[in-house]
Amino acid sequence: MRRLLASSCCLLALNAHAGGSASEFGSAFYTGLSISVVQVRVANEAGKGFFGSGVVVAENEVVTNCHVTRQGVRVEVAKGALVFPVFGQKVDMANDLCLLRTSPMPLRTVALRDATSVRPGEKSFYYGYSGGIEAFFAPGRVATLHPHDGSAVFETSSGFALGGSGGGLFDAEGRLIGITTFLASGHSGGYFAMPADLIHRLRKQPESDIAPISGLALWERPDAEQPWFLRVARLGALSRWQSAADLALAWTRAEPDNADAWHQAGVALLRDQRPVEANEALQRARMLSPDHPDVLFHQALALARSGSAEAAREARDRLALTDAELLGKLDQALDCSAYC
């Protein structure tokens with residue numbers, strides 16, 4: 001999947017239990033996120049160094065991506081001039097999450113939020129180290145949730161660059177909702193974060209010594225072994241919209257009650273210039289996930305492009321109640337000609 005998805009490549013950040021609300025967008029909020037962000041330093045058998053980031057999620061416990069630490073024979077975490085050795089890790093290579101046990105750290109821990117409580121369209125905030133050196137903050141929104149392994153992978157507009165592995169995706173209260181892990185090749189698609197609630201399951205795994213890790217993360221596997229949403233995303237990143245639509249429709253047949261499947265099918269059909277079929281798929285998605293902002297956005301586009309101005313206006317009015325940012329993009333895309 002390296003043709004579609006690129007890892008954030010061992011260089012990133014994670015965040016903290018914020019001391020203020022994001023609605024203020026003040027320094028207290030940013031500082032609150034940064035307090036629990038640490039740099040992860042890795043050395044392999046040849047002595048080559050790698051850098052990533054992690055979030056302090058419990059006393060002497062840091063979460064990061066496994067692809068940051070997998071070559072390591074020695075790992076430590078650092079906060080400014082303070083350096084803390086890592087004595088062991090718990091590994092979920094499939095979901096690319098590793099939990100590091102450190103020496104005692106006088107650092108604040110973050111609060112974790114379950115994916116089931118997160119709604120599409122919510123504000124999200126990425127905080128991490130660009131290139132493992134400078135902290136980087138990026139506000140955005142949760143575009144959609146892709147159900148996965150009893151939780152959900154977040155797709156977000158809170159952007160991070162290659163090298164941003166292990167970064168933190170936070171909500172407006174500074175709670176950790178995801179670990180930024182991979183992105184669509186060439187920034188042509190979304191930014192993806194693994195859900196923080198998988199940490200609860202990870203804590204139950206046996207601890208292993210620091211040593212190279214085998215196995216592939218879900219986004220690194222051969223295409224046929226990847227989740228449906230990644231296979232569709234890969235085709236979309238290549239602008240192969242007819243193939244993406246065909247695959248997404250096969251997904252809806254396999255999982256007819258999955259709103260994400262119908263949503264992705266509708267988007268692919270719309271991009272393949274099939275607005276009537278797109279609207280049918282998006283209507284199914286809307287029935288399963290009412291008032292999902294991205295579904296409403298794409299349905300309004302599909303309806304407008306199929307000549308259904310009144311229905312497009314209705315979808316646009318519903319969107320106006322849920323996501324002002326997307327509403328502006330919709331009006332810009334259609335120049336308001338469909339319903340003004």
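Which residue of E12 is the bridge partner of glycine 168? The legends below take up this pairing after an overview.

**Overview. The chain of this predicted model holds 10 helices and 13 strands.** Helices (H or I, at least four residues) and strands (E, at least two) are DSSP runs, numbered from the N terminus. Of the 340 residues of the chain, 58% count as buried, where buried means under 20% relative accessible area with a 1.4 Å probe and protein chains only. Among contacts in the chain with a separation of 6 or more, 64% are accounted for by residues 24 or more positions apart, contact meaning heavy atoms within 4.5 Å. The model is predicted, and local features need pLDDT of at least 70, side-chain atom pairs count only at pLDDT 80 or more, and totals for chains, interfaces and linings use all residues. Residues are numbered from 1 along each chain as its sequence is written, and side-chain values use heavy atoms, with hydrogens and water left out.

**Close-up 1. Strand E12 (residues 176-184) and its pairing with E11 and E13.** Strand E12 is mostly covered, with nine of its nine residues buried. Strand E11 (residues 167-170) pairs with E12 in the antiparallel sense over four bridges, two strands being paired if DSSP finds at least two bridges between them. The bridge partner of glycine 168 in E12 is isoleucine 179. Five residues lie between the strands in the hairpin of E11 and E12, and there glycine 174 takes a positive phi near 80°. E12 is also joined by five bridges to strand E13 (residues 191-195), and these two strands run antiparallel; in E13, proline 195 is the bridge partner of glycine 178.

**Close-up 2. A closed barrel of six strands, in the order E2-E3-E4-E7-E6-E5.** The pairing in the barrel is antiparallel, and neighbouring strands of this sheet are turned by 40° against each other on average, direction ignored. Strand E2 (residues 37-43) pairs with strand E5 (residues 74-79) in the antiparallel sense over five bridges, and alanine 43 has arginine 74 as its bridge partner in E5.

**Close-up 3. The packing of helix H7 (residues 275-288) and helix H8 (residues 293-305).** H7 and H8 pack at an angle of about 150°, with their axes 8 Å apart; axes are lines fitted to C-alpha atoms, for helices over the stretch in contact, and angles run from 0 to 180 degrees between N-to-C directions. H7 and H8 are therefore roughly antiparallel to each other, a term for angles over 145 degrees. The contact includes Leu282 and Arg286 of H7 as well as Leu296 and His298 of H8.

Key
Angles under 35 degrees count as roughly parallel, over 145 as roughly antiparallel, 65 to 115 as roughly perpendicular and the rest as oblique. Buried means under 20% relative accessible area, exposed over 50%, partly exposed in between (1.4 Å probe, protein chains only).
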